[in-house]
Amino acid sequence: MLSRSLFVLLACLPAVAQADTFGSGENAFEIPFVAVGDAGNAADTTGAPNPAGRVDYWYRIGKYEIPEEAIRKANAASEAAGDPLGITLDERGPEKPATRVSWFEAARFVNWLNEDQGAPAAYKFNAADEFELWQPGDAGYNPANPFRNAAARYFLPSIDEWYKAAFYDPTTGGYFDYPTGSDDPPIPVASGTDPGTAVWNQTTGPADVQLAGGESPWGTVGQGGNVWELDESPHTAGIYEPQGSRGIRGNDWASRSDVGAAQAGRLASLPFRSVGDVGFRIATIPEPSSWVLAIASLFGMKRPRRPRSQYQRVRPSHERLEHRRVLATLTVNTAADSVPDDNDGVLTIREAIAYVNGDETPDTGDLAQINGTPGVPGVVDRIIFADSVFDANGEALIELLFPYAPSSDAGLVIEASVEIEAPVGKRVEVSATVTSRR
């Protein structure tokens, strides 16, 4: 059955990571993730590999490289459970990136994360602990990527998932040259989080993962330095061999060149090799229930939120709020959903929400396509935003997911309406894209 969601993006908020918790007791640890949206974006044709960066689904990726502490706690928890991972790694400190971990060991760590959360393993190892490809008879087999089980929740990021999180600019649909939201090389630093910086050209070891430089457009840290990072994909596109080379990218603290941090900076590494300047981060596709509501941030940086049934209202006590009806039941045409085009006779999602918001009046042709009365709700969800959600310019980018059902070839019927409550004087700007997911 095909289930679909409508993403409604409303304008600019700093990215905040949401952490998933693994293990228990003294072996519990968290991995913070940032969400990456704009599903179905165009690929980049200027980097390596070529093309790269197109991802047809919404996903989350680790905000930071996996730290030593996470591996050590997974090792301890698995040993206590009688099935030890036994992953070897360097010893620099609990928050330093976990290095000298081979691709195979990283894959086993990811499998443990899935097992801990009750999800299927991402990677297939036989009884002799040898890595194998998933086969057509296996549940979760995906012929486009036989390395990864499609039913797994956590996995190593593919080259496209890694590349998009590092370089893609959702505000323009283009790609930056470096993973710091810039076409200029990152400024080398030993540690810190200043924008436009990365940990490279240093004589000391890597920084703590939280202090590995400025953020990418999606809120990731360290994709332009600190340590090289494993990606899931074969180094030669389409050649899926269990013992074949995988890609690594991102540069390291000791590099004297910024080339590794750039779009073209991808190297090869054999999956059994353990190297002292190579680490990794992980990625995940959320469970279906977590697609009901998400909040996004500045320049499209996505921040997932709790499902609607668990949403807690936050009302600032010092300022009166105003109600704004964002969306009533409308029939719209999504094929032309780009920049609003007055007098074209087609009502797009952007124009529909702008009309209901009272920001502009669509042309006569657009008005004729409205199915229902704006301001009269169907099923209403109320979402209240505190002052802290808005940036210094009084803007916020909010991502709301609405289920929809096909109405005709001409458009869609939106089956929900939403009230936005925001402090008086704050500006809500709206744009939208439509995606589908099986």
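I started with E3 (residues 29–36) and E4 (residues 59–62): these strands pair in the antiparallel sense over four bridges. For the record, my strands (E, at least two residues) and helices (H or I, at least four) are DSSP runs, numbered from the N terminus, and two strands pair if DSSP finds at least two bridges between them. This is a predicted model, where local features need pLDDT of at least 70, side-chain atom pairs count only at pLDDT 80 or more, and totals for chains, interfaces and linings use all residues. Residues are numbered from 1 along each chain as its sequence is written, and side-chain values use heavy atoms, with hydrogens and water left out.

What stands opposite isoleucine 61 of E4? I found valine 34 there, and in E16 alanine 283 stands opposite isoleucine 61 as well. E4 and E16 (residues 283–284) run antiparallel, joined by two bridges.

Next I looked up the open sheet: four strands in the order E14-E13-E12-E15, with mixed pairing. E14 (266–269) and E15 (278–279) are at the edges with a single partner strand each, so one side of each has no neighbour in the sheet. E13 (residues 246–249) pairs with E14 in the antiparallel sense over four bridges; there I noted glycine 247 with alanine 268 of E14 as its bridge partner.

Last, the helices. H2 (residues 103–116) packs on this sheet, touching E12 (228–234) and E13, where contact means heavy atoms within 4.5 Å. The direction of H2 makes about 80° with that of E12. I took axes as lines fitted to C-alpha atoms, for helices over the stretch in contact, with angles from 0 to 180 degrees between N-to-C directions. H3 (residues 159–167) lies across E12, E13 and E14, at about 15° to E13.
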